[in-house]
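Subject: Structure handover

Hello,

Here is the structure I promised to pass on. Please have a look at it first, and then read my notes below.

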Amino acid sequence: MIIVNTDYISGKDLEMLGLVKGSTIQSKNFGRDISQSFKNLVGGELKAYTEMMNDARALATERMIQEAEKMGADAIVNVRYSSASVMQGAAEVMAYGTAVKFK
């Protein structure tokens, strides 16, 4: 599966199949939250949160790809990511794009 954030793929004629998306909601690990609170006092990267968000993006991407495969897509173009806080200590990550088939 080819995944790009442009609306075209060089050298390919595309037939649009439709919007595909994948999402996940991740919450903080309480143990990590305490250690990250201490890090917040001295500054620097909150590595546990960075890892959590990277894992969430990977899962959202995989779910988007699965949806595209069900449609018979060869690629997903115009891929975007968004994130939002859905409640105290939890964030949603969404990956979305347009599933396409090569002509």
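A word on terms before the fold: helices (H or I, at least four residues) and strands (E, at least two) are DSSP runs, numbered from the N terminus. Read that way, the protein runs β-β-α-α-β-β along its sequence, with 2 helices and 4 strands.

Please keep in mind that this is a predicted model, in which local features need pLDDT of at least 70 and side-chain atom pairs count only at pLDDT 80 or more, while totals for chains, interfaces and linings use all residues. Residues are numbered from 1 along each chain as its sequence is written, and side-chain values use heavy atoms, with hydrogens and water left out.

**The sheet**

The 4 strands form an open sheet in the order β1-β3-β4-β2, with mixed pairing; two strands count as paired if DSSP finds at least two bridges between them. β1 (2–3) and β2 (14–27) are at the edges with a single partner strand each, so one side of each has no neighbour in the sheet. The parallel pairing is between β1 and β3, over 2 bridges, and there I2 sits opposite A75 of β3. β2 and β4 run antiparallel and are joined by 13 bridges, with S27 opposite A90 in β4. β3 and β4 are antiparallel as well, with 10 bridges; I76 has A99 in β4 as its bridge partner.

Helix α2 (residues 47–70) lies across β1, β2, β3 and β4 (90–102), at about 145° to β2. For that angle, axes are lines fitted to C-alpha atoms, for helices over the stretch in contact, and angles run from 0 to 180 degrees between N-to-C directions.

**The hairpin turn**

β3 and β4 make a hairpin with 2 residues between them, and G89 in the turn has a positive phi of about 85°. What does G89 touch, leaving aside its neighbours within four places in sequence? G89 is in contact with Q26, S27 and K28, where contact means heavy atoms within 4.5 Å. The C-alpha atoms of G89 and K28 are separated by 5.7 Å, although the two are 61 residues apart along the chain. G89 counts as partly exposed because its relative accessibility is 27%; buried means under 20% relative accessible area, exposed over 50%, and partly exposed in between (1.4 Å probe, protein chains only).

**One salt bridge**

Searching the whole structure gives 1 salt bridge, defined as a side-chain nitrogen of Lys or Arg within 4 Å of a carboxyl oxygen of Asp or Glu. The side chains of E67 and K21 meet in it (3.5 Å, N to O). This pair links distant parts of the chain, with E67 in helix α2 and K21 in strand β2, 46 residues apart. E67 is partly exposed at 24% relative accessible area, and K21 is also partly exposed, at 40%.

**Surface and overall figures**

I25, V86 and M87 form a nonpolar surface patch with about 300 Å² of accessible area together. Patches are made of residues with over 30% relative accessible area and no salt bridge: like charges are joined within 9 Å, nonpolar side chains (Val, Leu, Ile, Met, Phe, Trp, Tyr) within 5 Å. M87 belongs to strand β3 (residues 75–87) and is classed as exposed because its relative accessible area is 54%.

The protein exposes about 6700 Å², and carbon and sulfur atoms supply 50% of that; accessible areas come from the Shrake-Rupley method with a 1.4 Å probe, and for residues only the protein chains shown count as cover. Buried residues make up 26% of the 103 residues. Of the contacts between residues at least 6 apart in sequence, 74% join residues at least 24 apart.

Best wishes
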